[in-house]
Amino acid sequence: MITTEQEKSGSGTMGQSPRSPSSLPSFLKVSVTDPAKLGSGVQSYVSYKVITKTNLPEYDGNEKIVIRRYSDFVWLRDRLYEKYMGIFIPPLPEKSTVEKFRLSAEFIETRRQALDVFINRIAAHPELRQSEDLRIFLQASEQTMESARAVDTNIFTKSSDLMQIFKDVQSKVSHVLGKEKPVEESTAEYQNLKNYIFQLEDRLAEAQKHAYNLVKRHRELGQSLSDFGKAVKVLGNCEGDALGKAFSELGETAEIISSRLEKEAHSLLMDFEEPLKDYVRAIQSVKDTITERANAFRRQCELEEAIKFKEIDLQKLRLTRPDKVAEAEREFDELKADAAEATKRFETIVSRINDEMVRFQEQKTADIGLAFHEFAKGQARLANDVARAWSSLLPRVEACSA
Amino acid sequence: MMGYEQGLEEAHLYASKEQMASLVLSDHHPSPPSNGSKSLEDPLYSSPPFAEIHANDNHPLHSPPPKQTVDPTHTSLNSFLEPPSYAEAVFQSFDLDSGNVRSLDHSPSASQSFSSDYLRISVSDPRKEQDVAGSLVPGGGYYFSYLITTFTNFPEFSGTEFNVRRRFKDVVALSERLAESYRGFFIPMRPDKSVVESQVMQQIEFVEQRRSALEKYLRRLAAHPVIRRSSELRVFLEDSGTTDVAPRMVDQQVGSSPSLGSVDGGAAAAGMSDGTQAAKTGRDFFRIFRELKQSVTNDWGGTKPPLVEEDREFVARKEKLQEFEQQLSNVSQQAELLVKSQQDIGETMGQLGLAFVKLTKFETEVAIYDSQRARAADMKNVATAAVKASRLFRELNAQTVKHLDKLHEYLGVMLAANNAFSERSSALLTVQTLLSDLASLNSRIEKLEAASSKIFGGDGWRIKKIEELQESVRATEDAKNSALREYERIKDNNRKELERIDKEKHDDFVSMLKGFVVNQAGYAEKMASVWKAVVEETSEWICE
């Protein structure tokens, strides 16, 4: 069983990332803890304890503990995405592609933290928290969960796949309408939103990349300091006398600072780089939703056009083939119903997106504000510790100049 | 501009402190596209030719350029970010105490012994010259000459300020002359002759590297307590009568050209007379050949085993020095890697800051919600701090290079010491060769005398031969005595230098340590205060 320092207590708020939002007056709080490696070889995976504390009547009991794995979280996300069009579904941490990295302690810890944030965001969202699928996820037995996952034939597709559908629909519409131009909302509001999200993603991804590199640099600096310290110590030994001693102490100090840097690298990863990555993922989730909106719009347009043609057909038929009219009228009514539904769907998505954007911006400001705070705190502490360590060496070096 | 920077950054990190300092000037990069304007307003940022950037550094009376108080990084961003407001002056005082006074002369213990005497040299203004005399292709050859500027109050100089033009060949000649005159001293190593492939390095970079290397070399010579007063150096620095001071090919075998020999006061210090010409085996190819054979041969009839250094104390010190050299080399390598890491973290911090600056501008421009504006404000604070921290890392690194450069200097001193020790060995070999010559001459005389005495009335031929041999013996005896004197002189020089190095090494390394530690501590403190401000500014986001 893998335990991290945070997870020793198992349940409660210890494992909570500060970004996991506290829930509303009706109480629903979840924690993802105690990662454990199960299975063997290629089939090995990590399971997590998911502990739910609630006072909601729909749930049985005040506290429930279930075991879940990453793919269960994916299932939940997919179902929510299908059912709650227009809502920004909280992002999941990525699948890991590199085999040896997959089971490393650091990876497991960052994933656990991200899953915890994920589930709590759902629990805090006014609409999502009412989801039946959430209840299943939090309460069902492991077997039920497994069969639920198997059933789900993965109708859900990522935004890349959605892009493909988008293109298909686009070509269909072009064919029907005989136009080249893709059909898209032309309002300034939509265009601004789209541009904003796309550009934000680019810039954020860049910042996140540098944050990740910064973590690496801390480690590298730690390593070089350590190596330098070791070499200086050896030099000190061969020198002897006060100077030799000063060298040795320099080496000691360098090694101390080196391990401090390593610690800071870890904190930087968990408290700064991960939140940034989370932000990028969240933006991607918004992108998915916007794509859904675009699809809904297209469908609506497509149907409207189809109705127009159908109407013309109908009129023709009334004149030429009265026997076909009844059937055609039926089809026409069906089309109109479809169109109405498509319009309603589109409008729901639009209104939801508008609400979500406000929430999203506020949420992000808070999340990132905290991440900045932690970042600055970490750097300040590190710098202070480093300054102290070097300063303490100074009097001993001074002593040598006698 | 990019090539210039890359050349600097990829060139050997220790190549020149001026180069590292100028990394502070030429930042990594041009404003992000969203800003539109390039930072052309800042004159420091538009690509200056090499010579200009170093103009200040070359003036011997100027200390190395103080740290930039206005960072020319992104002038279009400077209005966006706060300029560095903290007092750099506090910092410079650290440096002035430990570093600057010394670096004026580039000499380690200069402040102690030579406070009133000075010899300040700088090398500048590389100029392409037609090589009329030596080129194989008529009118096609060229070389570079450098302006050597000297300020001094040494009485033996004919003035206080000199400007001469010299080429690399002249410097090589100077180093060879010094090697002959000052055997046994730890003579600073001259810069490499080897020319780097022109595909790797552009000519302008090569010339700059060479200029810098020459300057360092001459300054080291000027820092050596004995060599600084040599006539060879003085002539090199002040004699502008001839631009071509390099000896002709013919001269190289003999060594010092006659004109120098007669003016020579420095040679007198070395205690040479004409009789030692024969003992100057460095140039006597025949003798070299014999000595090689000698050192290889096991039995030459002598009673002493070859080349044993009787001086136990010397052997012990030499071994200690060799071990020191090895460890030093190791530390020097790790130091280079440390500097690279410090550079990297500074760069990444800067890139992070810039990325946030872009984000901030973006969010500010398109902000619809107040939460966006709040976020943009937070981001701006972090961006500013990150950019400041990045600058601090760069400055720290420049200082670190300056201090740890001492390691590199001493590696050079070790090389010089090894040379001095091999001069000693070869002088000893000369003595032993001559002793063996004497022994064999004398044994031949004995044999001849024995044979001759058996013949009544003497053997005309043999008697003549004996006289010739006795003549040789006398000459060889003289040579041996000279060689012995030379050997003793070199031994004495070795000893004096070892003592000098011991003392200077201690002082230099203490000051290096101090400088290094003070810098690390000082810059860490500055960084802490930069981040502390952001901690306070973002404290509203802490949850319960």
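This is a predicted model: local features need pLDDT of at least 70, side-chain atom pairs count only at pLDDT 80 or more; totals for chains, interfaces and linings use all residues.
1. The make-up of chain B comes next. Chain B has 16 helices and three strands. Of its 544 residues, 52% are buried. The accessible surface of chain B is about 25800 Å², and carbon and sulfur atoms hold 56% of that surface.

2. E238(B) is part of helix α9 of chain B, which covers residues 231-238. Is E238(B) buried or exposed? Its relative accessibility is 15%. Buried means under 20%, so E238(B) counts as buried.

3. What does E238(B) touch, apart from its neighbours within four places in sequence? The residues in contact with E238(B) are F157(B), S158(B), F162(B) and V164(B). For S158(B) there is a further detail: the side chain of E238(B) reaches the backbone nitrogen of S158(B) at 3.1 Å.

4. The note now turns to the two chains together. The size of an interface is often given as the accessible area lost when the parts come together. For chain A and chain B, the area buried between them is about 5500 Å². Carbon and sulfur atoms account for 78% of this buried area. Counted by residues, 63 of chain A are in contact with 60 of chain B.

5. How many salt bridges are there between chain A and chain B? The count is three. In one salt bridge, K514(B) is paired with E398(A), and the closest N and O atoms of this pair are 3.8 Å apart. The cut-off for a salt bridge is within 4 Å, so the pair K514(B) and E398(A) qualifies.

6. Polar contacts are counted separately. Between chain A and chain B, 13 residue pairs are in polar contact, with both residues at pLDDT 80 or more.

7. Which elements of chain A give two or more residues to the side that touches chain B? They are α7 (188-239), α8 (241-320) and α9 (322-400) of chain A. The largest share comes from α9(A), with 28 residues. Sorted by class, the side of chain A that touches chain B has 39 nonpolar, 13 polar and eleven charged residues.

Technical notes
Residues are numbered from 1 along each chain as its sequence is written. Chains are lettered from A and ligands numbered from 1 in the order in which they are written. Side-chain values use heavy atoms; hydrogens and water are left out. Contact means heavy atoms within 4.5 Å. Buried area is the accessible area (1.4 Å probe) that two parts lose on being put together, summed over both. A salt bridge is a side-chain nitrogen of Lys or Arg within 4 Å of a carboxyl oxygen of Asp or Glu. A polar contact is a pair of N or O atoms within 3.5 Å; within protein, one must be able to donate a hydrogen and the other to accept it, and residues adjacent in sequence count only if both atoms are side-chain atoms. Helices (H or I, at least four residues) and strands (E, at least two) are DSSP runs, numbered from the N terminus. Ala, Val, Leu, Ile, Met, Phe, Trp, Tyr, Cys and Pro count as nonpolar, Asp, Glu, Lys and Arg as charged, and the others, Gly among them, as polar. Buried means under 20% relative accessible area, exposed over 50%, partly exposed in between (1.4 Å probe, protein chains only). Accessible areas come from the Shrake-Rupley method with a 1.4 Å probe; for residues, only the protein chains shown count as cover.
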